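Please look at the sequence and the structure before reading on.

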Amino acid sequence: MDSRNVLIEGIHIVGSPMWPIHILYTSNAVIRGVTIESYPGVQTGGIYIDSSRDIRISDCFIETGDDGIVLKSGKDADGLRVNRPTENVTITNCTVRRAHGAVVLGSETAGGIRNVVASNITCQGTQMGVRIKSRRGRGGVIEDVRFDHWTMEDVGQGINVTNYYLMEGEVKTAEEPVSKRTPVYRNIAISNMTINRARVAINIEGLPEAPISGLRISDVIASGKTGMKASDTVALELHRVQVNADSGPAFLVRDSKELELDGVSSRKPLSDAPVIRLDRCPGAIVRASRAFAGTGTFLSVAPGEMKSVVLEGNALGGARKAAEEGKPGAWYKAEPPTERESGAPAVR
């Protein structure tokens with residue numbers, strides 16, 4: 001039986017073994033002023049919204065060993081059979097600590113997730129901040145989503161959007177024809193974020209057969225050991241994004257079409273790595289961006305690919321080389337292993 005008009009307010013949950021609040025097949029639910037302290041614990045978690053609509057979450061504090069606030073819509077074949085989306089969800093004024101992810105969409109995405117806003121979020125010591133996760137076989141569409149006005153400190157990955165999520169014991173799958181098993185991401189906006197001391201500032205992983213479409217990241221300042229990595233996207237846009245990385249390129253983008261980098265920069269440029277590295281990104285536009293003093297190379301592309309890149313209105317006088325074609329250097333490494341669901345403690 002479906003539930004309607006649910007209010008959960010002002011409760012304090014301590015030491016719950018798994019999924020303290022789980023909203024399933026529900027419409028018009030309000031969760032506000034809730035405190036959940038379930039850290040440590042492998043599968044403890046916080047607030048779970050599953051195949052439900054018209055949900056409002058506000059003014060909550062969550063400290064957990066699993067994901068903090070999570071939206072799901074059914075798993076694999078059974079989720080595709082039921083086919084009930086999670087939609088029309090607002091999340092605001094919440095703090096999440098130590099969790100796997102602060103606000104998470106997925107990985108059960110079969111029924112689709114749409115019309116979501118998560119704003120005014122503070123997260124500290126989480127493995128992920130913004131997290132959208134699915135994989136081949138789970139299907140569903142995630143669309144019309146906004147994450148806005150966040151601050152993050154000491155996170156593993158500040159922004160993680162992946163179609164290669166694996167649970168413990170699962171292995172990475174091979175490319176397959178697009179079908180109802182294929183998860184689709186489109187029209188996602190991430191804006192106004194400060195990310196301090198991340199392991200990876202931004203990690204974007206689409207599928208070759210179903211690239212992430214229409215992802216827009218704007219007004220972000222991030223610092224981390226590694227900067228931004230993105231692959232298999234269409235119409236990825238970065239506007240006024242500053243990434244300060246300890247190693248490698250601040251922005252590394254591969255196998256992406258209709259790429260637009262507008263006002264991107266690094267105030268911590270490295271002499272031995274470019275600020276931007278593009279591989280197989282035909283038609284990319286780099287505009288209104290700046291090379292700060294100390295920059296070695298601002299833009300690096302693979303041999304023969306510079307002719308397809310458009311440079312407009314950039315201020316690159318601070319770079320030793322504005323742009324070059326060349327093979328990658330020692331900084332060019334394989335993608336980091338996909339984060340797995342495990343009992344590992346969250347980054348603190």
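What radius of gyration would a compact globule with 348 residues have, and what value does the protein chain have? A compact globule with 348 residues would have a radius of gyration near 20 Å, and the protein chain agrees because its own value is 20 Å. The radius is taken over C-alpha atoms, and the globule rule is 2.2 Å times the number of residues to the power 0.38.

The model is predicted: local features need pLDDT of at least 70, side-chain atom pairs count only at pLDDT 80 or more, and totals for chains, interfaces and linings use all residues. Residues are numbered from 1 along each chain as its sequence is written, and side-chain values use heavy atoms, with hydrogens and water left out.

**Overall form**

The protein chain holds 26 strands and one helix. Both are DSSP runs numbered from the N terminus (helices are H or I with at least four residues, strands are E with at least two). Along the principal axes, the C-alpha atoms fill a box of roughly 65 × 40 × 35 Å. The accessible surface is about 13800 Å², and carbon and sulfur atoms hold 50% of this area; such areas come from the Shrake-Rupley method with a 1.4 Å probe, and for residues only the protein chains shown count as cover.

Of the 348 residues, 57% are buried. Buried means under 20% relative accessible area, exposed over 50%, and partly exposed in between (1.4 Å probe, protein chains only). Among contacts with a separation of 6 or more, 73% are between residues 24 or more positions apart, where contact means heavy atoms within 4.5 Å.

**The core**

The largest nonpolar core has 79 residues, and Phe-147, Trp-150 and Leu-278 have the most contacts inside it. Strand 17 (residues 184-205) gives the largest share of this core, nine residues. A nonpolar core is a set of buried Ala, Val, Leu, Ile, Met, Phe, Trp, Tyr and Cys residues joined through side-chain atoms within 4.5 Å. In soluble globular proteins, nonpolar side chains tend to be buried together. Leaving aside neighbours within four places in sequence, the contacts of Leu-278 include Val-253, Leu-259, Leu-299 and Val-309.

**Backbone features**

Two peptide bonds are described here as cis. One joins Tyr-39 and Pro-40, with omega about -5°; Pro-40 lies in the loop between strand 5 (35-38) and strand 6 (47-50). The other runs from Gly-106 to Ser-107, with omega near 5°, and Ser-107 lies in the loop between strand 11 (101-105) and strand 12 (113-124).

| Residue | Phi | Relative accessible area |
|---|---|---|
| Asn-28 | about 60° | 29% |
| Asn-115 | near 60° | 33% |

Asn-28 belongs to strand 4 (residues 26-32), and Asn-115 to strand 12.

**Two further residues**

Is Ser-231 buried or exposed? Ser-231 is buried, because its relative accessible area is 13%. Ser-231 sits in strand 18 (residues 212-234). Not counting residues up to four places away in sequence, Ser-231 touches Ile-204, Glu-205, Gly-206, Arg-254, Asp-255 and Ser-256.

Arg-98 lies in the loop between strand 10 (86-97) and strand 11. Arg-98 counts as partly exposed because its relative accessibility is 22%. Arg-98 and Ile-62 are 36 residues apart in sequence, and their C-alpha atoms are 8.7 Å apart in space.
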